[in-house]
Amino acid sequence: MEVHIKETYEQMSIDAARKVADVLNTKPNAVLGLATGSTPQGMYQELVRLHREEGLDFSQVTTFNLDEYVGVPPSHPQSYHYFMHENLFKHINVPPQNVYVPSGTTDNYAAFCAWYEQRIDDCGGIDLQVLGIGSDGHIAFNEPGSSLGSRTRLKTLAKQTIDDNARFFENREDVPIYSITMGVGTILEAEEIILLINGENKAEAAKHAIEGAVCSQYTASALQMHPEVTAYLDTAAAGKLEMTEYYNWIQKMKPGAPRL
Ligand code: F6R
């Protein structure tokens, strides 16, 4: 895993957006896997700026979101459909028919999950997957104990995630208990992955994900098995990493490395 540590959230968000832009400039019809939550908001803002001011084109892009709350319709302000529309889709030129977000209101979850996996395959697989991380080390809603080979499915949220996400709802009781989420196995099939981590409250999870043992108790640690992962952290999130000097050394030396 390549680790980039930046002073601020703004800087890490700009770097992450640049990575997405590089993929789109190389492959204009790329398939992006997208995350919601507080973490990628800065990156989405920068992508919107790149679209408006530098012509970054999404007209051939396809997107698949990681997850959605069960029982929450797309029109609900806390649905991930709504989040994506407000934070990204309505500001860029991605064709609406190319946008996929798991359904939280289907009457057949098993069939929907199988269909979602099939759609990803039919679109050629995900070229670049964007991830945040939960304070319990989850990626998407693959909570502690999730199989590292799991596929898109219905998943019960951990109490810690319900507590963490209560900040978006009026009452803790309003936070949905179930989600529909891509599996760890689904995520690991992406060609390339970027993992965004910011804030002191994510420092422990970051340590397990980047430097801990690969285990289902911190599903983000499974990313260590993937050959093309770049983690973007701010210094607060990197606070518990032991190899920071080494990661910074690698980044400093990279420009001088012999070309392959
Ligand atoms: C959201 C998702 C989750 C979040 C994680 C962190 O689509 O997949 O794994 O990335 O819960 O959420 P924030 O960024 O709000 O701290």
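The space taken by the ligand is the largest pocket of this predicted model, a pocket being, on a 1 Å grid over the protein atoms alone, an open set of points with protein on both sides within 12 Å along at least five of seven lines. Residues are numbered from 1 along each chain as its sequence is written. Because the model is predicted, local features need pLDDT of at least 70 and side-chain atom pairs count only at pLDDT 80 or more, whereas totals for chains, interfaces and linings use all residues, and side-chain values use heavy atoms, with hydrogens and water left out.

Around the ligand stand 14 residues, each with a heavy atom within 4 Å of it, and the closest are Thr39, Asp67, His138, Ala140 and Lys202. This shell is made up of four nonpolar, seven polar (Gly among them by the convention used) and three charged residues.

Oxygen atoms of the ligand make polar contacts, pairs of N or O atoms within 3.5 Å: one lies 2.4 Å from a side-chain N or O atom of threonine 39, one lies 2.9 Å from a polar backbone atom of serine 38, and one lies 2.7 Å from a side-chain N or O atom of lysine 202. Taken alone the ligand exposes 410 Å², of which the protein buries 94%, as computed by the Shrake-Rupley method with a 1.4 Å probe.

The chain as a whole holds eight helices and ten strands, which are DSSP runs of at least four residues (H or I) and at least two (E) respectively. Its C-alpha trace spans about 55 × 40 × 35 Å along the principal axes.

Notes
A polar contact is a pair of N or O atoms within 3.5 Å; within protein, one must be able to donate a hydrogen and the other to accept it, and residues adjacent in sequence count only if both atoms are side-chain atoms. On a 1 Å grid over the protein atoms alone, a cavity is a set of points where a 1.4 Å probe fits but cannot get out, and a pocket is an open set with protein on both sides within 12 Å along at least five of seven lines; lining residues have an atom within 4 Å of a point. A molecule sits in a cavity or pocket if more than half of its atoms lie within 2 Å of its grid points.
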